[in-house]
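My entries follow in the order I made them.

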Amino acid sequence: MKIKVVTAGILSVFLFASWQNAPAFARDANDYKIYVALGFHVNLIHSFRGDTPDEAGFGQDIRIIRKTIDTLNMYNKRGVDVKAVWDFDNLFSLQDILPKYAPDIIDNIKTRVKAERDEVILMSYNNAVSSALTEGEFRLSVRRAITNKAQSGVKDIFGEFSPIVRPQEMMTTPGNFNLYKKLGIKAVVLYYSAIPFDAIRSFIRPLRRYEAHNPLNYVNRETGEKMVVIPAYNTGDLVENGSLRSWARTLHKKQISGEIKGDLLIFINSDADDPYWYGYGLPWYLNWLPNANGVEQLIEEISELEYVKFTTLADYLKGHPPVGEISFGQDTADGSFSGYNSWAEKPSSQAYWTHIVANRRAHRLIKKIFEAEALPVSSEISNLLKLSMGKRLELLSATNFGIAAPFLVRGRIKAADKIVREMKVYSGMALELALKVTDKKLNNAYGAILKPSNSTFLKSFMFFNSQKENLAKAGQFLTLEIAGAAFEKGATFNIISKNGTIIIPYVIDIFRDDNRQLNLLKLYVANSYRMVDGTYFLYSTKNQKNKKSGGPVFASKKVFKNQYIEVRLSDNGFISEVMYKGIRQLEAGSLMPGVNYKTESGLQKFSPENFNLVVGRDGSTGVASLRLLASFKIGEGDRLSLGYVNYKLTLISGVPYLFIEGNVSYPATMPDAFLPGSNPLLARMYDAKWAEVMPTELIFSHKAETRTPFKILKRNYLGKDSSYKLDYFKRSEKNLNLASVNNHITSEYVAVVAKEKGVAVAMDTTVLASFAFCPMKLDFDPEKSLFTIRLNPFGTYYGPQYYQPTWGQGIGRQGALIVGPQFNSSASAYNGSQQKFSLMVAFFDDKNIPSQVKKDLIGFADPPFVLTRKNKLKPVEKLQRNERPMPPKGFVAVPTTKGVRFQWEPGFKVASYRVRINDDKGKPKAEIINALEFKAGSAGLRVWPDLPFLLKLKIIFSGIAEKILFLPVFNLS
């Protein structure tokens, strides 16, 4: 019976396709063409493969690129005018790997470019996270991509290039487009894809097919930017559309019918190492399927169609101006959830970005020191800064942050760690030399001319604002190192400028060493004071009250509030709600750590059951602080160690913000799953039950409606403020609920607005930083037609991917979700890890962030430089946790093309193990350090992706239908 049904189905498809394929009795002559451009994105370092010239590393890239070039040359010799569009990173691929391991690839592409067959466009010099670069880094990355001293620029190597950029991982942010224009770039390539490897399809209005296959004008009405955008598609879209031939045929029928009046461009752009280009090793009886035999099949499919022509982007742009306008405010990326989930939400990414921010600050500080003294920077320091900048550009490669999840390949982590060490050495040496200038000045500064009564001189210090713009009226946190002075509880201080102005700061914290000697002093200077760059003097005082106090502030185990904010706590120490001006802003459970973990009964949230509350400062000196201490566990039998929480909430008199210092050690759980990946170097044991991690979730009380959706306000590293609305449901109702939203590059803060109620959160980047630190989750209540939103600073969310509207059958989407290395949750990377962060939360009643609030957010995120003479003492904040080295969590034997690779999962707090192998007499024979690979014969390279049976069946029937559509049909009339 089933066989009959299938047969009938095939016959029905055949008859329908034949009818569809019958020639029209009358149609106007039509010269409109379908132009096809094939784009190959070359970047030979990966987050899911190693740095070796074999199949475990960039050997796969070299193999596939060589075959692609051979195929292109073969068809050119046959008279087919097929062309290619190439884009490269320069620092890693063109400058290092290809010249050493595959110079023939560069030579062959040069030959093709010279013959006017192929085109080279720009990517970025350092494979950069382009949307998170400063203006200086961005300019450097683009200019060096064109030409540089190492002669690895595209102009240096190929002699010419088209002024079009294909950003690495499709990463853009407002401000990029104007900079591209200033640097001579005429167009930007962005995915408009029907699979979850997309850049803009979920964010912009639905495009008509004529627009979706032609250049468009991008307009940002907030920044005033305009740029030509070329919609691109990837190999997943080829599967989604049946085949390239079917795609072109469908579009040409619309040209013939008059529905589309004009030429069209299908620009297929994908990684040059994509196995799709090479082809898959299908059984002989399936070798006829479309999308199975690589670039050769693509060319073969359309080379005989008279209405199809191959082209390059620059050639197509010459005669085809933009046909429509689009606008979006999101910071784009082609990662999981069409954003920065894949790159920014792993603990390793946060650690690397914190080092990058520290390096940027060190460079700015050195510049300020010499500018303040009107001294030239020495050649020694300049050379060290150049070396430091070079390492920073390497670390800014997107590959050091993702796209693989939840882990990067081990070799990538080692390479990134090495870059960090070298970068810190260079900047550290430069800063040490620069600080000799300030030390000399501070040695000669003995106190202010006007000494306050009942005061004792402690130390002189130099203050520098860290921001370019004037934030003198922003609230400032100052941290000073002071040794050798003892203070009573309740001590207060004065800061006096050189001209005698007295500043009375609030005391936030006094950290002492074991001998109770003052080590670190943290003060807050309210925005009512004006601090400019210069030398200041610190005095201790007795029984001093802050005359500019903004009103009462209290801290107890029951009451925690100032005149603006009230934090209400339950009996077990949980936050029950946070109020601002008497109105609830955050719901119960906010600010608390938690892990969503898969159990037999479903997804379950694990967090502390109760908190031990300790009052730090009661508010009598203008500062109230409350410490929350707890332990928590995950599961029962699989637990390796408990998690520990040490959080501190702070309120300051007259300051309408809540400050949170978090120190959380996540529980360690037993790995129970094997992450095979597509590469043995990525393989590891892990606990796949970790789904989401929330260090200090903010559950916003205010709701949004479909007619007035939530708006995200953000600020990037170019200092550009912009916004976007969470209205993705306008493209599809499948996007009413968004499991994770992270399209906001965050140099300092991000905010959410519901009508005229807003919440903003900023990170202290000197403690922990991330270029997209606050993912969000959108939930829709269909009964009330209301949206709720959660903010997750330094955490990670997970769930169903966005739905991209499609003209296809959904096959490409299904396949992409199965084989994509980026569609795993990053949560398991937090297993047993520790986070320390510092946040500022602000509430406001406006559509936009008020100016003063914005200044204070920026000032908190990028605190001023405070320089004292160097002290050897360092603060130590102890966190209770299990520090005992753990045994290996697992042992893995992974087949490779060379044999078998043995590796084990290190226990928590363990960097490596050594295993000795003895002979039969007990004498040492060999030693394994972390991994050993046994060489063997080569294995096959062409395999069909491991797809579910039903999906394979869909692909087969899709292929049958595609073949039937192109059978010759005779007109019997």
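I started with the contacts of T766. Leaving out residues up to four places away in sequence, I find that T766 touches R361 and P863. This is a predicted model. I checked the spacing to P863: the residue lies 97 residues from T766 along the chain, and the two C-alpha atoms are separated by 7.8 Å. T766 itself sits in the loop between β39 (757-763) and β40 (776-781).

Next I took the pair α2 and α12. The axes of α2 (residues 59-77) and α12 (residues 294-302) come within 9 Å and cross at roughly 25 degrees. I noted the crossing of α2 and α12 as right-handed. On the α2 side the contact is made by T68, T71, L72, M74 and Y75, and on the α12 side by V295, E296, I299 and E300. Sorted by class, this contact of α2 with α12 has five nonpolar, two polar and two charged residues.

Last I went to α16. Helix α16 covers residues 379-395, 17 residues in total. From first C-alpha to last I have 24 Å for α16, close to the 24 Å expected at 1.5 Å a residue. Which residues of α16 are buried? I listed I381, L384, L385, S388, M389, K391, R392, L393, E394 and L395. The buried residues of α16 pack against α3 (90-101), α5 (135-146), α15 (347-372) and α17 (410-443).

Technical notes
Residues numbered from 1 in each chain as written. Predicted model: local features only at pLDDT ≥ 70, side-chain atom pairs only at ≥ 80, totals over all residues. Heavy atoms only, no water. Helix = DSSP H or I, 4+ residues; strand = E, 2+ residues; numbered from the N terminus. Expected span 1.5 Å × (residues − 1). Buried < 20%, exposed > 50% of the residue type's maximum accessible area, 1.4 Å probe, protein only. Contact = heavy atoms within 4.5 Å. Axes fitted to C-alpha atoms, helices over the stretch in contact; angles between N-to-C directions. Left-handed = near helix turned anticlockwise from the far one by under 90°. Nonpolar A, V, L, I, M, F, W, Y, C, P; charged D, E, K, R; others polar.
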